[in-house]
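Here is a short note on the structure shown below, written for someone meeting it for the first time. Please read it alongside the sequence and the model.

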Amino acid sequence: MELVAGCYEQVLFGFAIHPEPDAGGDHEEQKWTPVADFTHHAHTASLSAVAVNSRFVVTGSKDETIHIYDMKKKIDHGALVHHNGTITCLKFYGNRHLISGAEDGLICVWDAKKWECLKSIKAHKGHVTFLSIHPSGKLALSVGTDKTLRTWNLVEGRSAFIKNIKQNAHIVEWSPRGEKYIVVILNKIDVYQLDTASVSGTITNEKRISSVTFLSESVLAVAGDEEVVRFFDCDSLTCLCEFKAHENRIKDMFSFEVPEHHVVITASSDGFIKMWKLKQDKKVPPSLLCEVKTNARLTCLGVWLDRVTDTQESLPSAAEPSPVSKEQSKINKKEAGNVVQEEERQSIPNAKKCDLTGDSNKPTKGNTPVSTKKRKMVEMLEKKRKKKKI
């Protein structure tokens with residue numbers, strides 16, 4: 001098990017977690033030991049998003065790039081440079097697909113084996129602020145700064161439904177079974193039922209919400225611009241419990257299950273990452289398993305579980321790369337903006353490992369972080385030359 005966290009200081013931290021034997025046998029007083037494993041400094045700006053599958057950790061940054069880190073070999077695997085704007089969200093679906101969103105309004109679907117861009121959709125008129133994939137892999141939800149909530153048909157790679165909302169939402173999340181989803185606007189959480197696509201209730205938090213994670217189909221953990229984490233019941237809309245987790249605001253939160261443990265991780269501006277063991281009764285605050293002091297301003301986190309197989313291998317087969325006809329691409333443009341035509345990508349040779357973008361119009365880079373900095377320096381020098389000419 002490996003805990004990974006990104007920060008403003010441009011670094012991805014990796015901590016190996018070693019569960020200690022439980023002498024008492026009740027697992028209540030068990031403590032885990034975190035050991036610093038690696039630091040990956042591939043970006044030239046602060047990290048904004050992280051996602052993990054069974055092999056890779058990918059990080060998004062304000063430097064407009066997505067970097068890939070091979071957890072098995074502990075090496076930089078290269079980078080994706082398709083977006084023009086801060087990477088705001090990254091989500092894996094199984095081991096085969098990665099979906100990214102950014103401030104350029106694009107949502108991109110990537111082949112996580114060949115690292116090719118399968119589809120690039122102009123999803124929002126403003127920034128894409130967050131996206132979430134339905135457990136079936138057939139649908140995705142996204143929110144953006146154009147005050148819309150959009151549903152995407154991932155099988156056909158097109159817009160399925162657009163809902164106007166009153167304000168800019170900054171988080172959207174499916175429940176574990178996909179029977180409901182939540183949309184976060186400032187300190188309020190609207191709970192939607194999938195069968196009606198309407199709001200069944202609203203949860204109000206004390207401060208602006210920064211992160212949410214479902215603990216079960218009906219229980220939601222909520223963290224925000226404060227030191228406290230709260231557990232809410234999405235059906236009754238009541239607060240089940242709250243506990244002080246940090247000394248400063250909580251930036252991100254993540255939950256996962258391993259045998260005999262249901263764990264919530266919190267990362268804060270105080271520089272600490274903490275792992276909490278949930279109780280069976282969610283009205284009882286969790287117990288602390290371990291904590292790590294990073295001395296950094298944390299922004300995002302995830303957990304890499306060294307599993308041999310992943311039950312959700314890929315998106316439904318129809319989402320696999322296939323040439324898009326001119327007629328279909330015209331329809332897609334009407335529905336979802338300018339879609340990058342699939343046939344343009346299929347004609348690009350993919351023999352070189354360093355060509356991870358699948359986009360001939362963008363500079364590609366190899367497997368070293370130096371090339372990212374070099375590209376940025378070239379851009380800065382070009383701007384200076386233009387200014388001198390003026």
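1. Antiparallel pairing over five bridges links strand β25 (residues 261-268) to strand β26 (residues 272-277). Strands here are DSSP runs (E, at least two residues, while helices are H or I, at least four), numbered from the N terminus, and two strands pair if DSSP finds at least two bridges between them. Within this pair, Ile265 stands opposite Met275 in β26.

2. This is a predicted model, in which local features need pLDDT of at least 70 and side-chain atom pairs count only at pLDDT 80 or more, whereas totals for chains, interfaces and linings use all residues. Residues are numbered from 1 along each chain as its sequence is written, and side-chain values use heavy atoms, with hydrogens and water left out.

3. Strands β25 and β26 belong to an open sheet of four strands in the order β24-β25-β26-β27, where the pairing is antiparallel. Its edge strands, each of which pairs on one side only, are β24 (250-258) and β27 (287-293). Neighbouring strands of this sheet are turned against each other by 20° on average, direction ignored; the axes are lines fitted to C-alpha atoms (for helices over the stretch in contact), and angles run from 0 to 180 degrees between N-to-C directions.

4. For Ile17, the bridge partner in β3 is Pro34.
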